[in-house]
Each structure stands twice: as structure tokens, then as C-alpha cells.
Amino acid sequence: MSGTTTTPTTDGRSPAHAEARGIRSPRTHGGLGRPGLLRLGTSRIGYETKGYFRSPDAVFFTFLFPLIMLGIFTAAFSASGDIVPGPGMEGISVGAYYLPGMLAAGMLLSGVQNLAVDIATEKSDGTLKRLGGTPLSPVSYFLGKIGQVFVTAVLQAGLLLLVAGTLLGIALPTTSEAWLTFAWVFVLGVATSALCGIALSAVPRSGKSATAVVIPIVLVLQFISGVYLQFSQLPEWMQNIASIFPLKWMAQGMRAVFLPEDFETLEQHGAWDLGWVAVALLAWLVIGLVVSRLTFRWIRRDA
Amino acid sequence: MDTTAPGPGTKAGRLPSGTDVAVRIRGLRKVYGGVAAVDGLDLDIARGETFALLGPNGAGKSTTVEILEGYRLRTDGEVQVLGVDPARGDLDWKARLGIVLQSATESGVHTVREQLAHFAGFYPDPRDVDEVIAAVGLEAKARTRVSRLSGGQRRRVDVALGIIGRPELLFLDEPTTGFDPEARREFWKLIRSMKAEGTTILLTTHYLDEAAQLGDRAGVILGGRLVDVGRVDELGGAEARVPIVRWREPDGTPREVRTERPAELVASVVAEHGGEPDALEVIRPSLEDIYLRLVHAAGADAHDDEEALA
């Protein structure tokens with residue numbers, strides 16, 4: 001502080017103490033330009049990520065949940081033996097089989113469930129109205145949200161892989177090709193998931209109803225898309241319905257990375273179809289972007 | 001008399017042309033489903049002025065303020081806030097405003113200091129974060145999460161967020177609701193220091209003493225119209241301020257007389273009764289009395305409309 005006139009000892013004993021707490025004359029901080037969109041976006045990422053990790057609900061249900069489920073599946077079914085792609089073929093442990101599904105679930109929860117509930121809540125508790133009265137651009141706001149999803153999804157996937165590779169003894173891929181596939185499926189999947197979450201946040205009418213609207217959607221998708229149930233054992237009509245939505249493609253992309261080649265025959269068309277994974281995820285990315293752009297308002301202007 | 005203030009009892013809030021205005025409103029209308037919440041409102045607020053907008057719930061106060069803040073679109077009329085139409089206000093325009101809304105209920109997972117430092121980053125020339133924290137009296141809570149503050153402390157954070165960007169124009173919507181009397185006085189001190197810096201302030205409040213303490217001028221809005229505008233000490237017109245003398249006759253009849261010379265009247269009553277009159281009161285109408293009289297005078301009709309709207 002300035003320390004020009006007063007010493008700390010005068011503080012508190014002077015009756016003018018309250019006056020001294022008044023606002024001092026303007027101080028200029030260099031130039032008068034507003035901070036740029038990207039700089040504010042970066043600042044939002046830090047702020048949002050901090051807020052995310054301080055929200056126990058979000059951390060449990062969107063960050064830790066896949067890890068807990070992987071642990072439960074591994075423990076519950078470890079006695080029932082390996083999962084084999086066909087008679088007489090070499091199998092893998094239950095944990096190894098479920099790992100790609102849990103990675104896909106993590107991407108979905110970090111993006112869709114987290115953002116849809118978070119933004120709907122911010123809409124109804126006054127956060128967005130307050131931000132709408134400041135010079136923060138919606139672009140920076142969304143950079144913050146999407147950035148937060150990327151930061152936490154990367155940490156989540158890292159944690160899943162770490163636990164899988166160490167505690168659960170699951171063999172992870174060793175080829176750079178597999179990790180390259182992992183990288184693009186992950187990045188594309190998380191981006192798609194984040195945008196779909198923003199789009200879905202327009203549906204709940206209040207913050208309180210947000211979880212009631214969002215969780216059933218996310219839960220049903222996980223059951224029909226090969227996260228909790230073995231996709232190859234679902235009836236074909238259910239597989240076809242799941243194919244409309246992005247989660248099935250995220251899970252399929254992850255299976256292509258983590259499952260042995262023999263498992264390819266179990267896929268719906270007997271192939272990993274990575275090209276279609278990219279197409280489906282890109283399509284949902286565009287849908288999420290367009291819907292977000294059309295529906296987002298700081299407040300319902302004339303409600 | 002202050003030349004910029006319109007005479008007592010003026011129903012239009014226009015200032016003489018050529019006045020440097022921060023807010024200019026002409027013929028403002030806002031219609032919801034066929035009912036006019038704001039119905040032909042004219043008002044100027046001069047730069048550097050503190051204007052108190054008064055009125056019962058549902059009178060059109062919040063609608064008017066939210067149109068000025070850019071949150072709502074008007075149905076008709078002309079509005080300029082810092083020279084800009086709020087319906088087209090961009091981010092540079094917002095950087096010149098400070099908005100303290102009515103209660104927000106954010107989850108508040110960030111600390112007071114984190115929240116203020118983050119919002120300060122939105123503005124080109126923000127105030128010093130620690131100075132603002134001190135100004136709202138939250139030094140001891142700077143490292144506490146907003147969710148763990150009391151209602152009054154959260155309200156101070158709202159105010160701090162409203163002033164962190166060094167606004168030219170500050171909107172204060174019911175700023176001291178939930179404050180204890182001491183906190184209100186501290187808050188008034190803060191607002192006076194903002195005023196001294198030249199900040200224009202638009203205050204809406206239910207506390208008439210707050211309007212009297214802070215406002216240069218005040219306007220009373222009823223049924224979407226300004227029914228009176230004037231300097232706080234002139235609102236309601238001179239006759240509304242005529243002191244009231246009340247006493248009880250020896251036979252028990254209550255008496256009430258309005259007079260500019262209350263002492264003289266009291267003396268004559270004493271002389272007449274040959275002693276101390278019963279239940280004697282000399283009342284100088286406060287802003288609250290004048291306001292309540294205006295609200296009642298405006299009639300039940302307007303009020304009923306508002307109830308229907310609310």
C-alpha cells in the first residue's frame with residue numbers, strides 16, 4: 001500500500017477510520033482498452049475450473065462417477081471371468097472391457113451433464129443476469145465453460161487411465177497410432193459433448209428442474225450406447241437408436257483404441273468405423289453449436 | 001432555487017435542454033400482454049446527480065430500470081443512457097455502467113476477493129480490489145467464500161461488484177435491503193464517496209429516509225407514470241410540507257390543523273384552554289409522509305392495475 005501518511009497504529013483508533021475506508025481517487029491502470037475476448041476467456045477457464053472443483057455435486061456426479069463405476073464393475077464381475085470376442089478366442093478382463101465405455105461416459109458427463117445443469121442453474125440463480133450487465137462477452141463466457149470441460153475431462157481421463165493401468169492392472173495401448181486415435185476421438189468427443197451441454201441447458205425451465213431434465217437423458221444414453229451394458233449384446237433396434245446419438249460413437253471410438261483387434265467383429269458392422277465416428281461427432285458438434293447460438297441469452301429478455 | 005430542478009409538483013422529469021444528461025427518457029412505454037407497465041414516462045438524470053426512483057411494488061420501477069440497463073426492450077419511446085440506446089448497448093457501453101441488481105442467489109463458490117478480482121478483469125480501468133473490499137467493509141471476509149456470508153454481507157459483495165469497474169453511471173436496485181442500521185449508514189457513506197467522485201447514481205429504494213439521505217432529486221412512479229418529480233426537499237409541493245398540529249379538545253374531539261405557523265397556533269390553543277392541550281403533536285411531514293400521500297392521492301385505480309400486473 002501507499003504508506004505515505006498513516007502508519008498502521010493510527011488505524012482503528014481514529015474516529016475518521018470509517019472515512020479512511022472510503023474509496024480513494026481514481027487510479028489509472030495504463031491503457032483504457034477493454035481486455036480481449038481470449039484473455040478474458042482464459043481468465044474464465046481458471047475461474048470456472050476452480051468453481052467446478054469446489055462444487056461437490058459436480059465433482060462426484062460428473063468427475064468421479066466413471067471412475068467409481070469402473071471400480072464397481074471390476075470388483076463385481078471379476079469372478080465371472082474374462083470377456084471373449086468369440087468361442088476359443090483370447091479374452092480380456094471385465095475392467096479392460098469397460099474402460100473405453102467409462103472414458104466415453106466421462107466425456108459425456110463432463111460436457112453434457114455438467115454444462116447443461118451448470119448453465120441452467122446460472123440462468124435461474126442470477127449469475128447470467130449479473131454477467132450480462134458487465135462487459136464480459138458471451139464468447140469469453142463460453143470459452144471459459146468449454147475450457148473448463150477440457151481441463152477437467154483431461155484430468156478425469158488421466159485419472160481413469162492411471163487407475164486402470166496401475167491399481168486395476170489393465171494393459172494400455174502401446175502404439176502411437178492408438179494414442180493418436182485416442183487423441184482425436186477424445187478432443188472431438190469432448191468438444192461435441194460441451195456444445196451439446198450448452199444447447200441442452202436451454203431446455204430446463206429452472207435450475208431446480210435442471211437435474212430432473214438432464215440426468216434421465218444422460219442415463220438412458222449410457223445404457224443404450226454401450227457404457228454399462230455390452231453394446232454387442234443389445235438388440236439391433238436399440239443399437240440403431242443409440243447410433244443417432246453421439247455417445248455410442250464416442251464409446252465405439254474408445255473401444256477401437258483400447259480393445260484388442262479381435263473385438264472388432266463384435267461391432268455393429270464388424271468394423272470400428274472410425275470414419276463414421278468422426279462424421280457423427282462432427283454432425284453433433286455442429287448441431288450443438290447452432291442450437292447454442294440460437295438459444296443462448298443472458299436473460300429471458302421479455303419473460 | 002436550483003435552476004436545474006423543475007418546480008415543485010412538476011409531473012414531467014425533463015431537465016432544461018442543454019443540461020449534460022446521463023439518462024434521457026421520452027415517452028417510454030412498456031406493454032406486457034396488453035397492459036402498460038410503463039406508460040408514457042419522461043425523465044432526465046443529470047450527470048453527477050443521484051436520482052431516487054420511488055414507488056410501490058409493481059408500479060413500473062424495475063421495468064423502467066431494466067430497460068435503462070439494457071435487460072428489457074421497450075415497446076415505445078426514446079431512451080438514451082450515456083448517449084447510447086440501451087437496446088443497442090455494446091460491451092464498451094456496459095463497461096461504463098455499474099449494476100447492482102435485486103437479490104441474486106448464486107452458489108458463491110468463490111471467495112470475496114476471487115470474485116472481485118475476476119470481475120475487475122472485465123473492465124478497462126477497474127478500482128483496486130482491496131480498496132473496494134475495504135470500502136464495503138468486508139476486509140475480514142475477503143478470503144471467505146461468498147456462499148458462507150450472511151445476507152447483508154452478500155449484499156455488500158453485490159454492491160462491490162457494481163462499483164469495481166469504476167462506473168460513470170451506477171444503478172442501485174434496493175441496495176440496502178437486509179442491512180442492519182449501522183451497515184446502512186456505512187453504505188450511505190460509500191455512496192456519498194462515489195457521488196463525490198462524480199458518479200451518476202440511479203437509486204430505487206423502499207426506504208424513504210435513504211432517498212432523502214442520498215438523493216438530489218426523487219421521482220415517484222405510480223401506474224407506470226411519474227406522478228411527481230423534484231428535489232427531495234421539494235417533492236409533493238410546498239403545501240405537502242405544511243406542518244400539522246394535532247391535539248385533543250377537552251371534550252375528547254381530535255383536532256388537526258395544517259399551518260405554516262405551528263408555534264403561534266399552539267400558543268393560541270394553550271391560551272384558549274388555559275393550559276396544556278391533550279395529546280399535542282407538531283408534525284413536519286417527512287418524505288415518507290409525502291410519498292404515502294402521493295400514493296394514496298393517485299387513487300386506488302392505479303394501484304389495482306398494478307396488483308393485477310404483479
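Leaving aside residues up to four places away in sequence, Ser147(B) touches Ser107(B), Gly108(B) and Val109(B). The model is a predicted one. Ser147(B) sits in the loop of chain B that runs between helix H4 (129-135) and helix H5 (151-163). Ser147(B) counts as partly exposed because it has 14 C-beta neighbours inside 10 Å. From Ser147(B) to Ala240(B) the separation is 93 residues in sequence and 46 Å in space, C-alpha to C-alpha.

**Two packed helices in chain A**

Two packed helices are described by the angle between their axes and the distance between the axes. For helix H10 (residues 246-258) and helix H11 (residues 274-295) of chain A, the angle is about 145° and the axes are 9 Å apart. The crossing of H10(A) past H11(A) is left-handed. H10(A) contributes Pro246(A), Trp249(A), Gln252(A), Gly253(A) and Ala256(A) to the contact, and H11(A) contributes Leu274(A), Val277(A), Ala280(A), Leu281(A) and Trp284(A). Of the residues in this contact, eight are nonpolar, two are polar and none is charged.

Which residues of H11(A) are buried? They are Val277(A), Ala280(A), Leu281(A), Trp284(A), Gly288(A) and Ser292(A). Seen down the axis of H11(A), these buried residues fall within an arc of 100°, so they line one face of the helix. Gly275(A), Val279(A), Val286(A), Val290(A) and Leu294(A), on the other side of H11(A), are exposed. The cover over the buried residues of H11(A) includes helix H7 (176-200) and H10 of chain A.

The buried residues of H2(A) are Leu40(A), Gly41(A), Arg44(A), Ile45(A), Tyr47(A), Glu48(A) and Tyr52(A). These buried residues pack against helix H3 (56-77) and helix H6 (138-165) of chain A, together with helix H3 (112-120) of chain B.

The table sets out the lengths of H2(A) and H11(A), with the expected span taken at 1.5 Å a residue.

| Helix | Residues | Expected span | End-to-end C-alpha distance |
|---|---|---|---|
| H11(A) | 22 residues | 32 Å | 31 Å |

Terms used: Residues numbered from 1 in each chain as written. Chains lettered and ligands numbered in written order. Predicted model: local features only at pLDDT ≥ 70, side-chain atom pairs only at ≥ 80, totals over all residues. Helix = DSSP H or I, 4+ residues; strand = E, 2+ residues; numbered from the N terminus. Buried ≥ 20, exposed ≤ 12 C-beta atoms within 10 Å, placed from the backbone. Contact = placed C-beta atoms within 7 Å. Axes fitted to C-alpha atoms, helices over the stretch in contact; angles between N-to-C directions. Left-handed = near helix turned anticlockwise from the far one by under 90°. Nonpolar A, V, L, I, M, F, W, Y, C, P; charged D, E, K, R; others polar. Expected span 1.5 Å × (residues − 1). Arc of directions from axis to C-beta.
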